[in-house]
Amino acid sequence: MNVVVLYLLLVKATLTSFSGLASLPMVRNDFVVRRGALTDRQLNAAVAAGRISPGPLGIYVVSLGYLVDGVPGACAGWLAMITPAFLIIPMLRFLGTRAEHPRARAVARAVLFAGAGLMASAAVPLARDAITNPLSLAIFALSFVLIASARVDSLWVMLGAALMGLIAFQF
Amino acid sequence: MARPRLAAVTRLFLRVGVTVFGGGDPTIAILQREFYRREWLSPEKFAIAFGLARLTPGTNVLAFCAATGWYILGLRGALAAVLAITIPASVLVVWLTRAYDLTTRYPLAQSIANALLAAAVGTMIGAALLLVRTQSKPGRWIRPVTISAGAFLLAFVAKLTPLQVIGAAAMVGFFWKDS
């Protein structure tokens, strides 16, 4: 498949979805059903690779691009993934000093607090997958305390967790 | 607010891009905490970036990175944030795609990935608590706690989408002013 066509198909999917994996139905329709460029098994592998790698879930389009057209395809996927992100800048410019109005600040703070609630609600289903034994429970609790105390750099929390996973494997 | 150098901004996004597992929510939680520690972004700007990112097509967390990068250092900050958070992770995902069958069968990689996911969950809940605690004015906790708990219930129990929850919070914020 031509790399430009690949980019246009992927950017169509990313521009018409509002979260990382929401583009999946359109991607499946274009690549598996209509064009036969991928099998369902390959699509599943792309999604799984996106899930086990760091970064956003939407990164699966890079994996998908790679499966369709190798490294140029991965580059097209990457570009399709990041293109919509920059649409936020005109919105921020439009807001400009309007955001300093007391009423706008009150709304912004309410959205900020709602963000905390949303973060906690998004953590619950992840916790069901992640906390499966005493070790993962200990890592969860330790990370929670260290992050909530605001004293420890998050990098050390992640490196510490990886080290605990490594040590647990040895025993 | 502090105005950091481009290299420092790039370094933070690069680091978060390769060390945070579990998708966009843990990434935003970690970034929120790091902005707070470094005093790079006011809570109001964080909230605007967070809310508008949900309205932006595509992967929300990347729009969030573009917005926060733009607030911190303008267009070059936005570019640095998006490139730094996606390029190393993209290289890694290509490698994982090639080695997919191996990684699913390799217990050591599974053990480390599981530990990182547990840490990401602890991080998300810790960051949520930190956010409410640090942004509440002394003695005035009813509004933050009510809005946060309400958002949690609307998302988790009522199954509203994040966009709907943010819309509801914005309405509440409009009529229930900060005292």
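Biologist: In what order do the elements of chain A run from the N terminus on?

Modeller: They run α-α-α-α-α-α-α-α, and the count for chain A is 8 helices and 0 strands. A helix here is a DSSP run of H or I with at least four residues, a strand is a run of E with at least two, and both are numbered from the N terminus.

Biologist: What makes chain A more spread out than a compact globule?

Modeller: Its radius of gyration is 20 Å, well over the 16 Å that the globule rule gives for 171 residues, so chain A is more spread out than a compact globule. The radius is taken over C-alpha atoms, and the rule is 2.2 Å times the number of residues to the power 0.38. Along the principal axes, the C-alpha atoms of chain A fill a box of roughly 60 × 50 × 25 Å.

Biologist: Before we go on, what kind of model is this?

Modeller: This is a predicted model, in which local features need pLDDT of at least 70, side-chain atom pairs count only at pLDDT 80 or more, and totals for chains, interfaces and linings use all residues. Residues are numbered from 1 along each chain as its sequence is written, while chains are lettered from A and ligands numbered from 1 in the order in which they are written.

Biologist: What pLDDT does chain B average?

Modeller: Chain B averages 85, and 96% of its residues score at least 70. That score is the predictor's confidence in each residue, from 0 to 100. For the complex, the predictor gives an ipTM of 0.75 and a pTM of 0.76.

Biologist: Why is α2(B) called mostly covered?

Modeller: A residue is called buried if 20 or more other C-beta atoms, placed from the backbone, lie within 10 Å of its own; 12 or fewer make it exposed, and in between it is partly exposed. In α2(B), 11 of the 15 residues are buried, among them B:I28, B:L31 and B:F35. For chain A, buried residues make up 48% of the 171.

Biologist: How do you know what span to expect for α2(B)?

Modeller: The expected span is 1.5 Å times one less than the number of residues. With 15 residues, α2(B) reaches 21 Å from its first C-alpha to its last, close to the 21 Å expected. Just after α2(B), B:E39 takes a positive phi of about 60°.

Biologist: What makes two residues count as being in contact, and how many does each chain bring?

Modeller: Their C-beta atoms, placed from the backbone, must lie within 7 Å. By that rule, the contact takes 95 residues from chain B and 85 residues from chain A. On the side of chain B that touches chain A, α6(B) gives the most, with 25 residues.

Biologist: What classes do the residues on that side of chain B fall into?

Modeller: They divide into 63 nonpolar, 24 polar and 8 charged. Nonpolar covers Ala, Val, Leu, Ile, Met, Phe, Trp, Tyr, Cys and Pro; charged covers Asp, Glu, Lys and Arg; the others, Gly among them, are polar.

Biologist: Where do the domains of chain B lie?

Modeller: The assignment gives domain 1 (6-135) and domain 2 (138-179); such bounds come from an automatic or database domain assignment. The C-alpha centres of these domains of chain B lie 23 Å apart, and 5 residues of domain 1 are in contact with 6 residues of domain 2. On the domain 1 side, α3(B) supplies the largest share, 3 residues.
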